[in-house]
Amino acid sequence: MKELAIVGGGPAGLSAAIYAARAGLDFIVLERDGFGGGQITSSHEVENYPGAGRKSGFDLGQAFRDQAVELGAEIAYGAVTGIKDLGDCKELALDGGEPVRARAVIAATGASPRKLGVPGERELTGAGVSYCATCDGAFFRGKSTLVIGGGDTAVEDALFLSALCKDVTVALRRDVFRAARRRTDLLSAKENVTILYRTELTEIRGEGRVRSVVLSGPEGTAERPVDGVFLAVGVEPAGGWLAGLPLALDGGYVAAGEDCRTSVPGLFAAGDLRKKPLRQVVTAAADGANAVTSAMEYLGR
Ligand code: NAP
């Protein structure tokens, strides 16, 4: 039995681990992916985390992890598949492992890429359709790619791909980007990048691998040959493992204020999984600190 279990090893979970270690709590971090670091590790470049300068997301995630481990955090690898409230503690079910019990739990499992839901997407995922340019971009060196979305992820993906691919088309459904202006200006200046506004992807075609896409925009609907499609249309909360609890949600995200307290006593939500106005590494890290402070109050420490 631990005092605290932190589920998720991204910036929120690892920041919580740093605070829990410094507070002397008996805790464990459970991380699904062998490496940890969370979504940020697939970001090509991060330049808005104060004090870190310009770093790859991988290096930033690694720095969070190293700091937590150096301070004494125990990180166990395994996917948490469910949670039970046993009154005086919570029991976490682990995929292929012994359950873990803890008096308090911080849920920091973040979010995962949203699917667009167009014909061909599911069938061709891994065969030209990807949700991670830094992971899969190298397969498209010298080729034609399409990026869908107008947020920071889409713009970062397109910037990354523009250095590798013959050409990159970015299609967004509105006539304005959601992403930071500094990055969209950089993207607009790239010679091998074409930006299509008010344009939607309606179908991905190919047998065994992507051959073309159907785009619908102000000029009508047309088929366009491409080798790769990178979908960056936002994220969805990764909180399926919490389904066993009578937990208040808001738009699918866990309802909790800045103190990270949820409707279930002893359960705290930190990072992208929490309903919040801004999902960034810096707000995830802040949540980790707040969640531990609230957990300590709950534990009477
Ligand atoms: P996002 O900010 O939610 O942007 C999603 C984009 O996809 C928007 O352009 C949205 O269009 C579009 N979209 C959503 N559903 C669509 C659909 N069905 N069809 C077509 N387009 C669709 O998501 P994100 O870019 O993944 O970013 C998530 C969070 O991480 C954000 O807070 C972002 O700032 C942050 N982030 C930060 C960095 C960084 O600072 N280095 C890097 C990556 C991500 P509309 O605009 O029309 O809704």
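1. In this predicted model, Tyr197 has a relative accessible area of 33% and is therefore partly exposed. Tyr197 belongs to the loop between β11 (193-196) and β12 (200-205).

2. A search of the whole structure gives 4 aromatic pairs. One of them joins Tyr197 to Phe177: the ring centres are 5.9 Å apart and the planes stand at 75 degrees, so the pair is edge-to-face. Phe177 is in the loop between β10 (167-171) and α6 (181-188), and the pair links distant parts of the chain, 20 residues apart. Phe177 counts as buried because its relative accessibility is 13%, under the 20% limit.

3. Phe268 and Tyr298 form another edge-to-face pair, with 6.1 Å from centre to centre and 70 degrees between the planes. Phe268 lies in strand β19 (residues 267-269) and Tyr298 in helix α7 (residues 281-299), so this contact ties together parts that are 30 residues apart in sequence. Phe268 is buried, at 1% relative accessible area, whereas Tyr298 is partly exposed, at 31%.

4. Charged side chains also meet aromatic rings. Arg279 lies over the face of Tyr253, 3.8 Å from the ring centre. The charged end of Lys115 sits over the ring of Tyr131, at 4.9 Å from its centre.

5. A separate point concerns Gln67, which is part of helix α2 (residues 57-70). Its relative accessibility of 43% makes Gln67 partly exposed. Between Gln67 and Leu14 there are 8.5 Å in space, C-alpha to C-alpha, although the two are 53 residues apart in sequence.

Key: Residues numbered from 1 in each chain as written. Predicted model: local features only at pLDDT ≥ 70, side-chain atom pairs only at ≥ 80, totals over all residues. Heavy atoms only, no water. Helix = DSSP H or I, 4+ residues; strand = E, 2+ residues; numbered from the N terminus. Buried < 20%, exposed > 50% of the residue type's maximum accessible area, 1.4 Å probe, protein only. Phe/Tyr/Trp six-rings, centres within 6.5 Å; stacked < 30°, edge-to-face > 60°. Lys NZ or Arg CZ within 6 Å of the ring centre and 35° of its normal.
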